[in-house]
Protein chains: 2
Amino acid sequence: MQRPFPVVVGLNAAIVAVTGETPRVLTVERAEHALATARAMRRGPGRPWPALPFGPLDPAGDPTLERGLRGWVRRQAGLELGYVEQLYTFGDRDRESRGDARVLSVAYLALVRESAVSGAGEAQWRDVYSFLPWEDGREGGAEAPLRAIRARLEAFVAVAPDAAQRSARRERVDICFGWRGAARDPDRVLERYELLYEAGLVAEAHPGRSGPEDFGQPMAADHRRMLATALGRLRGKLRYRPVVFELLPDTFTLLRLQQVAEALAGARLHKQNFRRLVAAAGLVVGTGQRESGTGGRPAELFRFRRAVLRERRAPGVAAAR
Amino acid sequence: MQRPFPVVVGLNAAIVAVTGETPRVLTVERAEHALATARAMRRGPGRPWPALPFGPLDPAGDPTLERGLRGWVRRQAGLELGYVEQLYTFGDRDRESRGDARVLSVAYLALVRESAVSGAGEAQWRDVYSFLPWEDGREGGAEAPLRAIRARLEAFVAVAPDAAQRSARRERVDICFGWRGAARDPDRVLERYELLYEAGLVAEAHPGRSGPEDFGQPMAADHRRMLATALGRLRGKLRYRPVVFELLPDTFTLLRLQQVAEALAGARLHKQNFRRLVAAAGLVVGTGQRESGTGGRPAELFRFRRAVLRERRAPGVAAAR
DNA sequence: CTCATTATGCTCTCCGTGAGTATTACGCGA
DNA sequence: TCGCGTAATACTCACGGAGAGCATAATGAG
């Protein structure tokens with residue numbers, strides 16, 4: 001049975017690296033592809049909104065979705081992806097304004113090491129938290145946006161049509177952001193973004209008008225939703241799979257390891273406990289070599305200990321707070 | 001840019017319920033749809049292999065993938081789905097033997113209550129562990145298959161072309177199944193199935209020949225892979241989201257709650273600790289009512305306590321062993 | 001009335017986690 | 001060369017959750 005309405009499949013990638021203490025994501029300025037849409041091309045006052053790199057699936061050529069993804073990332077950005085994980089398939093009808101085809105986007109999370117962050121052609125590495133500023137709870141950088149968000153969300157609760165919906169919104173707001181005594185879950189990045197979207201507090205939610213106060217740098221189409229999905233998944237996975245090491249060079253100091261974990265978790269971790277945890281879990285082995293010139297006592301260089309995969313069911317790193 | 005090669009999108013569902021102490025999945029005998037493939041129709045000696053229910057996405061009609069799924073499940077099986085969660089998108093080229101189109105399948109996990117298990121039209125509720133017998137570690141039911149699997153996998157390790165690949169296979173086998181001192185992770189259902197597939201120990205891996213000893217009831221196409229994905233995800237989610245209650249009626253005894261958790265985890269849990277954990281986490285509240293006629297002291301009926309969503313970041317149930 | 005069966009209460013021991021204090025080893029500038 | 005800033009590393013301590021066991025209460029069946 002031939003469909004009258006064709007389906008086009010896009011492969012999107014949130015390609016993440018950590019440089020210094022900031023998590024970065026690879027973005028492109030222009031949507032050059034067949035998948036480019038009016039929305040993806042949308043401009044703010046000045047520049048077009050950045051987009052996650054994406055390319056179309058070649059239904060006849062690409063043997064697997066993942067190999068299709070790796071292929072065009074290699075060709076376009078000259079980047080060889082290491083760790084790749086499928087995130088989610090986005091298929092809402094109104095998410096792309098193409099009248100002539102249904103667009104499905106399969107979003108992936110990819111991790112690359114800091115060393116690969118340099119020449120990426122026209123692509124740019126941007127701070128993940130410039131798109132999701134409320135997610136970085138390290139230096140109180142999220143406090144100002146969170147105060148403002150709270151005020152706006154209070155209003156969102158207040159304008160609910162009836163009491164039942166009001167209390168439902170209240171619950172949702174509190175649980176998402178951990179307000180009024182609720183426990184804040186750092187992994188619920190997507191839920192928070194979607195709440196802001198529904199409350200009209202991100203620019204993507206009202207593409208025509210410019211909102212009075214929108215939070216975070218917008219992205220093309222629903223790419224910021226994908227980025228939120230990626231960050232949430234990454235934070236969760238950090239805890240039970242040794243994915244941090246995909247972002248680190250072969251040898252590293254414990255401080256560096258902690259910095260990368262903190263950058264992704266968006267929170268400061270207790271130093272001594274972090275080290276004890278990492279050591280006790282057998283995640284790393286010392287190399288005997290030391291790093292110098294950091295302005296303090298030289299740190300030992302460590303290396304990921306693969307044998308931990310045998311010993312632990314869930315070898316992760318972000319448990320220590 | 002119009003693709004020369006059309007893409008067809010299928011929506012698959014692993015619809016899971018727990019009756020008594022067995023987890024069940026809804027299966028259909030025949031692939032009646034446009035998506036039906038030679039492989040899906042494949043027969044063993046007698047009947048065709050059961051399949052997960054699936055239906056095509058209507059690219060022009062269905063506003064979202066999930067609503068498309070709910071729609072055809074309602075129409076075909078007369079079943080109104082409650083909890084639905086996207087699992088994974090399968091898109092390998094060779095997974096469906098259609099020469100005229102590329103088939104993408106978006107697989108979903110859906111949970112329904114025991115009460116809904118009855119009239120499902122031509123569909124049948126089958127024991128999940130009949131497809132994945134090595135995953136049920138409750139009454140030693142998995143012991144016999146696991147012994148046999150172990151012997152076959154030892155051979156798989158031995159026939160590796162060189163020493164490096166041999167030790168890589170050895171590592172993988174040990175980690176997957178928790179052998180030779182490795183820690184067995186109950187959530188890695190998919191990894192175990194895929195290992196068996198690669199080792200040629202499931203019928204789907206060699207559709208022509210009939211294997212000397214294949215493990216578990218096969219399913220059409222790659223549906224058993226989807227089921228493994230579903231079970232793994234469900235086991236993981238049990239631990240940090242209150243999904244068990246999607247499978248239970250409004251009120252239930254603690255024994256019933258534990259049985260459902262055990263059925264999905266495929267393991268026995270310590271009774272007193274389970275109850276203490278559930279109580280301490282504030283997951284349930286007593287109703288004051290009691291159940292009788294069970295042949296012992298009557299148990300109190302409990303109800304899910306929604307307020308736990310505020311209080312706990314990760315309210316789950318399967319921590320107690 | 002007794003026994004099998006199930007629910008439920010209580011205890012006790014580890015160990016992981018959160019948090020703090022103290023000590024060691026560098027580079028650098030006065 | 002001495003002192004100070006910076007960072008790494010070593011210990012200690014309290015607390016709560018998880019694992020395991022024993023004891024007791026409330027039913028129905030015979």
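Trainee: In this predicted model, does B:Glu135 count as buried or exposed, and at what relative accessibility?

Mentor: B:Glu135 is placed in the loop of chain B that runs between helix 3 (128–131) and helix 4 (143–158). Buried means under 20% relative accessible area, and B:Glu135 therefore counts as buried, with a relative accessibility of 2%.

Trainee: Which residues does B:Glu135 touch, leaving aside those up to four places away in sequence?

Mentor: B:Glu135 lies 9.9 Å, C-alpha to C-alpha, from B:Phe177, although the two are 42 residues apart in sequence. With residues up to four places away in sequence not counted, the residues that B:Glu135 touches are B:Tyr129, B:Arg184, B:Pro186, B:Val189, B:Arg192, B:Leu231, B:Arg235 and B:Gly266.

Trainee: What is the phi of B:Gly266, the residue that follows helix 8 of chain B?

Mentor: B:Gly266 is among the residues touched by B:Glu135. Coming after helix 8 of chain B, B:Gly266 has a positive phi, near 70 degrees.

Trainee: Why is helix 8 of chain B described as largely enclosed by the rest of the structure, and how many of its residues are buried?

Mentor: The helix covers residues 254–265, and its end C-alpha atoms are 16 Å apart, which agrees with the 16 Å that its 12 residues should span at 1.5 Å a residue. Its buried residues include B:Arg256, B:Gln258, B:Gln259 and B:Glu262, as well as B:Leu254 and B:Leu257. Helix 8 of chain B is largely enclosed by the rest of the structure because the buried residues number 11 of the 12.

Trainee: Which side chain has an N or O atom 3.0 Å from a base nitrogen of DNA strand C?

Mentor: Of the 23 residues around DNA strand C, those that come nearest are A:Gln272, A:Arg276, A:Arg297, B:Lys271 and B:Arg275. Sugar and phosphate make up 54% of the atoms of DNA strand C that come within 4 Å of the protein. As for the bases, a polar side-chain atom of A:His270 lies 3.5 Å from a base nitrogen, and one of B:Gln272 lies 3.4 Å from a base oxygen. The side chain with an N or O atom 3.0 Å from a base nitrogen is that of A:Arg276.

Trainee: What relation do chain A and chain B have, given the rotation of 180 degrees that superposes them?

Mentor: Chain B is superposed on chain A by a rotation of 180 degrees with 0.0 Å of shift along its axis, at an RMSD of 0.0 Å. The C-alpha of chain B nearest that axis belongs to B:Val7, 2.9 Å from it. Because the rotation is 180 degrees and the shift 0.0 Å, the relation is that of a two-fold axis.

Key. Residues numbered from 1 in each chain as written. Chains lettered and ligands numbered in written order. Predicted model: local features only at pLDDT ≥ 70, side-chain atom pairs only at ≥ 80, totals over all residues. Heavy atoms only, no water. Helix = DSSP H or I, 4+ residues; strand = E, 2+ residues; numbered from the N terminus. Buried < 20%, exposed > 50% of the residue type's maximum accessible area, 1.4 Å probe, protein only. Contact = heavy atoms within 4.5 Å. Near = heavy atom within 4 Å. Polar contact = N/O pair within 3.5 Å; in protein donor to acceptor, adjacent residues only side chain to side chain. Least-squares fit on C-alpha atoms with pLDDT ≥ 70 in both. Expected span 1.5 Å × (residues − 1).
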